[in-house]
Amino acid sequence: MTIKLIRMWSGEDVIADVIEENEDTITMENPIVAVPSQQPGQIAFAPWSPLLAKGDGIEVTKKYVVYEANPQEDIIEQYNSMFGKISK
């Protein structure tokens, strides 16, 4: 898994598993977006594209991406607990 933070031109901070990337597009799986939580100073996560079939990738044109970076380690851990595969 390559978990990335992708800031979109719309202002959304998307956390996703980037499965493919070239100079024009980013293909990702299981994208989630940070949303304000009811708890002050905290954030929650919601599906970025809630109508996307589970397990399908989504291809985004890079012209809509402001930047791509590594998220904080605790965000990666939370993401992995939501989508990570358990291995023995």
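These points concern the strands and nonpolar cores of a predicted model.

1. Strand 1, residues 3-8, is mostly covered, with five of its six residues buried. Strand 1 pairs with strand 2 through five bridges in an antiparallel arrangement, and it is likewise antiparallel to strand 6 (residues 65-69), to which four bridges join it.

2. In the hairpin formed by strand 1 and strand 2, four residues lie between the strands, and Gly 11 adopts a positive phi near 100 degrees.

3. The largest nonpolar core has 12 residues in all, including Ile 6, Val 14, Ile 26, Trp 48 and Val 65. At least two residues of this core come from each of strand 1, strand 2 (13-21), strand 3 and strand 5 (57-61). Apart from this core lies another, of eight residues, among them Leu 5, Ile 15, Phe 45 and Tyr 79. In soluble globular proteins, nonpolar side chains tend to be buried together.

4. Ile 26, a member of the largest core, touches residues that include Ile 6, Val 18, Ile 58, Val 60 and Val 65, when residues up to four places away in sequence are not counted. Its contacts also include Glu 20, Glu 21, Glu 59 and Glu 68.

5. Thr 25 belongs to strand 3, which covers residues 25-36. Thr 25 counts as buried because its relative accessibility is 13%, and buried means under 20%. Leaving aside neighbours within four places in sequence, Thr 25 is in contact with Glu 20, Glu 59, Val 60, Thr 61 and Lys 62.

Technical notes
Residues are numbered from 1 along each chain as its sequence is written. This is a predicted model: local features need pLDDT of at least 70, side-chain atom pairs count only at pLDDT 80 or more; totals for chains, interfaces and linings use all residues. Side-chain values use heavy atoms; hydrogens and water are left out. Buried means under 20% relative accessible area, exposed over 50%, partly exposed in between (1.4 Å probe, protein chains only). Contact means heavy atoms within 4.5 Å. A nonpolar core is a set of buried Ala, Val, Leu, Ile, Met, Phe, Trp, Tyr and Cys residues joined through side-chain atoms within 4.5 Å. Two strands pair if DSSP finds at least two bridges between them.
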